[in-house]
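User: I have a chain open here and want to go through its side-chain contacts. Can you take my questions one by one?

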Amino acid sequence: VQLVESGGGLVQAGGSLRLSCAASGSTFSINTMGWYRQAPGKQRELVAVISSGGGSTNYADSVKGRFTISRDNAKNTMYLQMNSLKPEDTAVYYCNAVLFVAGRGLNAYWGQGTQVTVSS
């Protein structure tokens, strides 16, 4: 099973980016998904999570009102719409998913990360 992020890049403060995370591979079902980020010299932190059906979401206080997490289960894909970006949002953003994989059970998987850089 692989999680592949895309959509990162360089943007000016106040701009927007949309991150995507696509799951693929062996037979699996997706439970909770989330976005995390890690800035240089800092610990990885939770940005947002979304329930399996998409009906429940939770955000870090620092991104509330600016970021929106969503998912399309038909495409096994999760998104993070980031608006009003600030320089302090600069980090590597990681996708996380709790997957049930046939023969392996329930485990958490990580993507490789995508760089988001916000210039002032």
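**Side-chain links, core and rings**

User: Start with Asp 89 and Arg 37. Buried or exposed?

Analyst: Asp 89 and Arg 37 are both buried. Buried means under 20% relative accessible area, exposed means over 50%, and partly exposed is in between, with a 1.4 Å probe and protein chains only.

User: What kind of model is this, and how are residues numbered?

Analyst: It is a predicted model, where local features need pLDDT of at least 70 and side-chain atom pairs count only at pLDDT 80 or more, while totals for chains, interfaces and linings use all residues. Residues are numbered from 1 along each chain as its sequence is written, and side-chain values use heavy atoms, with hydrogens and water left out.

User: Back to the pair. What do the side chains of Asp 89 and Arg 37 form?

Analyst: A salt bridge, at 2.9 Å from N to O. The term covers a side-chain nitrogen of Lys or Arg within 4 Å of a carboxyl oxygen of Asp or Glu.

User: Where do the two sit?

Analyst: Asp 89 is in the loop between strand E8 (77-82) and strand E9 (91-101), and Arg 37 is in strand E4 (residues 28-38), so the bridge ties together parts that are 52 residues apart in sequence. Strands (E, at least two residues) and helices (H or I, at least four) are DSSP runs, numbered from the N terminus.

User: How many salt bridges in the whole structure?

Analyst: The search finds four. Another of them joins Asp 89 to Arg 66, at 2.7 Å from N to O. That pair also links distant parts of the chain, 23 residues apart: Arg 66 is in the loop between strand E6 (57-59) and strand E7 (67-72), and Asp 89 is in the loop between E8 and E9.

User: Which residues end up in one network?

Analyst: Arg 37, Glu 45, Arg 66 and Asp 89, joined by salt bridges that share partners.

User: Tell me about Arg 66. What is its relative accessibility?

Analyst: It is 10%, so Arg 66 counts as buried. The side chain of Arg 66 also makes a polar contact with the side chain of Asp 89, at 2.7 Å. A polar contact is a pair of N or O atoms within 3.5 Å; within protein, one must be able to donate a hydrogen and the other to accept it, and residues adjacent in sequence count only if both atoms are side-chain atoms.

User: Which other residues is Arg 66 in contact with?

Analyst: Leaving aside neighbours within four places in sequence, the list includes Gln 81, Met 82, Asn 83, Ser 84, Leu 85 and Lys 86. Contact means heavy atoms within 4.5 Å.

User: And Lys 64? What does it form with Asp 61?

Analyst: A salt bridge, with the closest N and O atoms 3.1 Å apart. Lys 64 is partly exposed at 49% relative accessibility. Asp 61 is exposed, at 65% relative accessible area.

User: New topic. How many disulfides does the structure hold?

Analyst: One. Cys 21 is joined to Cys 95, S to S 1.9 Å; the cut-off for a pair of cysteine sulfur atoms is within 2.5 Å. The link is left-handed, with -60° about the S-S bond.

User: Why does that link matter for parts apart in sequence?

Analyst: Cys 21 lies in strand E3 (residues 17-24) and Cys 95 in strand E9, so the pair ties together parts 74 residues apart in sequence. Both cysteines are buried.

User: How many residues are in the largest nonpolar core?

Analyst: The core has 31 residues, and those with the most contacts inside it are Trp 35, Leu 80, Met 82 and Tyr 93. A nonpolar core is a set of buried Ala, Val, Leu, Ile, Met, Phe, Trp, Tyr and Cys residues joined through side-chain atoms within 4.5 Å.

User: Which strand gives the most to this core?

Analyst: E9, with six residues.

User: Last one, the rings. How many aromatic pairs?

Analyst: Two. Rings of Phe, Tyr and Trp (its six-membered ring) pair if their centres lie within 6.5 Å; planes under 30 degrees apart count as stacked, over 60 as edge-to-face and the rest as tilted. Tyr 36 and Trp 110 have ring centres 5.0 Å apart and planes at 65°, so they are edge-to-face. Tyr 94 and Trp 110 are also edge-to-face, at 6.5 Å centre to centre and 85° between the planes.

User: Is Tyr 94 buried or exposed?

Analyst: Buried, with a relative accessible area of 15%. Trp 110 is partly exposed, at 39% relative accessibility.
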